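Let's take a look at this protein together, starting with its open spaces and then moving out to the fold as a whole.

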Amino acid sequence: MASMLPLKLQIARRALLNKRPYLAHAVWAMTPVEKPGLGTFACDEHWRFYFDPAVVEAWSADVLQGAIYNEVSHLLRGHAARCRVLKADPRAWNYAADREINDGLRDEEFVLPAGALYPDQIG
């Protein structure tokens with residue numbers, strides 16, 4: 001079920017769009033779904049944006065912006081559908097996709113959560 005975004009997450013989303021206004025249509029298209037215990041953010045090919053309220057409280061505004069940017073990047077690149085078509089392992093695909101996305105976000109000087117995956121971690 002869709003739910004209202006916590007104020008802290010709404011503010012972070014708006015701050016991201018102030019920096020990257022061309023993402024507005026995509027960011028507003030994501031349907032928020034509260035998922036306690038998830039421990040992170042996630043999205044699916046139906047443009048549902050899953051968030052753990054505890055994570056929202058724990059992460060800084062800068063990290064929240066980077067994490068939202070990461071999720072919308074998965075959607076804009078069609079990662080879920082491409083994974084399915086290629087019959088790839090979903091977990092390995094997501095790790096590879098995160099590395100590709102996060103490398104670019106780091107270049108754009110966005111802050112990502114501790115433990116974020118980058119290509120240089122695998123050589």
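In this predicted model, the largest pocket holds about 660 Å³ of space. Its lining is made up of 31 residues, and those that lie nearest the centre of the pocket are Asn70, Glu71, His74, Asn94 and Asp98. Where does the lining come from? The elements that each give two or more residues to the lining of the largest pocket are β2 (41-43), α4 (61-76), α5 (79-86) and α6 (90-107).

| Class of lining residue | Number in the largest pocket |
|---|---|
| Nonpolar | 18 residues |
| Polar | 9 residues |

The protein has 6 helices and 3 strands, and from the N terminus on they follow the order α-α-β-β-β-α-α-α-α. With a radius of gyration of 14 Å, close to the 14 Å that the globule rule gives for 123 residues, the protein is therefore as compact as a globular protein of that length. Along the principal axes, its C-alpha atoms fill a box of roughly 35 × 30 × 30 Å.

How much of the protein counts as buried? Of the 123 residues, 40% do. Taking the contacts in the protein with a separation of 6 or more, 50% are between residues 24 or more positions apart.

Technical notes:
Residues numbered from 1 in each chain as written. Predicted model: local features only at pLDDT ≥ 70, side-chain atom pairs only at ≥ 80, totals over all residues. Heavy atoms only, no water. 1 Å grid on protein atoms, 1.4 Å probe; cavity = no way out; pocket = protein on both sides within 12 Å on 5 of 7 lines; lining within 4 Å. Points joined across faces, edges and corners; volume = space filled by probe spheres on them. Helix = DSSP H or I, 4+ residues; strand = E, 2+ residues; numbered from the N terminus. Nonpolar A, V, L, I, M, F, W, Y, C, P; charged D, E, K, R; others polar. Rg over C-alpha atoms; globule rule 2.2 N^0.38 Å. Buried < 20%, exposed > 50% of the residue type's maximum accessible area, 1.4 Å probe, protein only. Contact = heavy atoms within 4.5 Å.
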